[in-house]
Amino acid sequence: MADNAQALTIFEPRNVQTLAELAPQSYRDNQLSHTRCLEVGSALLLKVRKEGMSDALDMEIAKFIEKAKITVKKMNGKRTPVTQLFDQIRKVYTSMENDVDPAKADSIPNQLQAYRNAYAKKKHEEEERRRREEAMRQAKENVKNRYRSEVEDDYVKQFNALVNKSINELTDMDKLLTLDNYEIIYDGVKEYICELPETWCQTVISGAYRPAELTPEECRAIQANVMAGLVNRFKEQFPFEVQSTRDDILDRLPSKKKELERIAKSSAEEAAKIKAAMEAKEREEAARKEAERKEREKTEATAAQLAAQKQEMDGLFGMPVAAPASYQPKTQVKKKVVVETAEDIMKVVAFWWSQVGCTLTMEELCKEFKKQITYANTAANSKDAPMFISDVNYVDDVKAK
């Protein structure tokens with residue numbers, strides 16, 4: 001309302017009439033003063049260039065400069081009523097523009113924009129927090145999957161070692177067979193337990209490295225979960241592996257006994273041949289079974305590796321991404337330096353100098369540091385306590401008064 005009242009006052013007919021009367025005359029008077037002053041000054045300038053400076057000419061120029069200063073004051077006094085009215089008119093217009101300009105501080109659009117900025121920042125921080133939490137969740141899930149795979153691989157290796165130990169025990173019994181201990185060996189092989197020990201699955205300890213990202217409770221839970229998925233497979237595979245070896249040995253023992261009886265009845269030379277052939281056959285059979293067992297372990301290891309790789313890829317790309325909020329205002333996110341100490345200012349200046357300042361010309365640098373250079377000049381000309389910058393040259397700037 002105040003601006004409207006001011007505008008009405010400015011554009012009253014009497015003010016418009018005053019402007020129409022004063023402006024032309026003020027302009028003509030000032031133009032005449034301007035022309036006369038320049039004519040006299042040009043004549044003096046021409047004389048200086050032609051004759052050079054002298055005491056008499058210096059005094060004449062000094063009088064002219066004083067008159068020029070008086071002329072400027074008179075010109076200013078004549079145009080002030082006109083230009084003040086123009087300034088008031090401009091002020092009214094710019095005031096109305098500033099009131100609706102979002103870039104102007106304290107305008108209503110600017111205040112509303114401030115609320116938008118604060119809201120956009122809040123939404124941005126919420127979204128960033130959601131992304132960080134999801135990234136942490138996915139990272140931990142990947143760690144769990146990797147640990148789960150390593151635990152499973154470790155359990156399978158320990159299980160295979162247990163199977164091999166049982167098979168080796170049966171094989172060792174077979175190697176110790178003689179005519180004298182035949183019944184003992186036969187009964188020992190026949191009564192050999194081919195079932196997986198009931199407590200093994202409950203007491204086996206995983207040797208897989210425990211990730212620092214997981215708590216002991218989480219590790220124990222994963223170990224229990226892995227064993228729960230393997231226990232039936234182990235209980236089925238152990239009898240299959242061990243019992244097949246036991247049955248093969250039991251099937252061979254009678255014929256092996258006959259071979260031993262032949263050896264006992266044969267000459268030393270013939271006995272050696274029979275024994276060598278029997279041992280060669282046993283080695284061949286053992287090598288065949290060992291090759292089959294290693295091939296099975298290799299196949300299992302390859303399948304486990306592929307499963308682990310698939311699980312890892314699923315962890316990287318298959319997990320759902322946290323959905324953003326239903327509404328996200330358009331934002332422009334830029335980094336902004338937070339200057340908290342004087343040292344921060346010096347760091348900013350040093351950074352600017354290393355990137356930009358060192359490439360500028362002296363003229364550009366003087367413009368850039370005009371305020372600082374002016375302060376240095378003021379300090380040097382202090383009447384009470386002049387101060388100078390060490391290792392910087394100073395000259396006398398002489399001006400006529």
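This report describes the helices of the chain and the aromatic contacts between its side chains.

The model is predicted, so local features are reported where pLDDT is at least 70 and side-chain atom pairs count only at pLDDT 80 or more, while totals for chains, interfaces and linings use all residues. Residues are numbered from 1 along each chain as its sequence is written, and side-chain values use heavy atoms, with hydrogens and water left out.

**Helices**

The chain holds 11 helices and zero strands, where helices (H or I, at least four residues) and strands (E, at least two) are DSSP runs numbered from the N terminus. Of the 401 residues in the chain, 24% are buried; buried means under 20% relative accessible area, exposed means over 50%, and partly exposed lies in between (1.4 Å probe, protein chains only).

Helix H4 (residues 108-175) and helix H7 (residues 216-265) have axes that come within 9 Å and cross at roughly 20°, the axes being lines fitted to C-alpha atoms, for helices over the stretch in contact, with angles that run from 0 to 180 degrees between N-to-C directions. This makes H4 roughly parallel to H7, a term for angles under 35 degrees, whereas over 145 counts as roughly antiparallel, 65 to 115 as roughly perpendicular and the rest as oblique. The residues of the contact of H4 with H7 comprise 19 nonpolar, seven polar and 12 charged; Ala, Val, Leu, Ile, Met, Phe, Trp, Tyr, Cys and Pro count as nonpolar, Asp, Glu, Lys and Arg as charged, and the others, Gly among them, as polar.

**Aromatic contacts**

Rings of Phe, Tyr and Trp (its six-membered ring) pair if their centres lie within 6.5 Å, and planes under 30 degrees apart count as stacked, over 60 as edge-to-face and the rest as tilted. By this rule there are eight aromatic pairs, including the two in the table.

| Pair | Centre to centre | Between the planes |
|---|---|---|
| Trp352 and Phe369, edge-to-face | 5.6 Å | 70° |
| Phe388 and Tyr394, edge-to-face | 5.0 Å | 85° |

Because Trp352 lies in helix H9 (residues 342-355) and Phe369 in the loop between helix H10 (362-368) and helix H11 (370-380), their pair ties together parts that are 17 residues apart in sequence. Trp352 is partly exposed, at 23% relative accessible area, and Phe369 is partly exposed at 27% relative accessibility. In the other tabulated pair, Phe388 is exposed at 54% relative accessibility, while Tyr394 is partly exposed, with a relative accessible area of 34%.

Elsewhere, one aromatic cluster is formed by Phe159, Trp200, Phe234 and Phe238.
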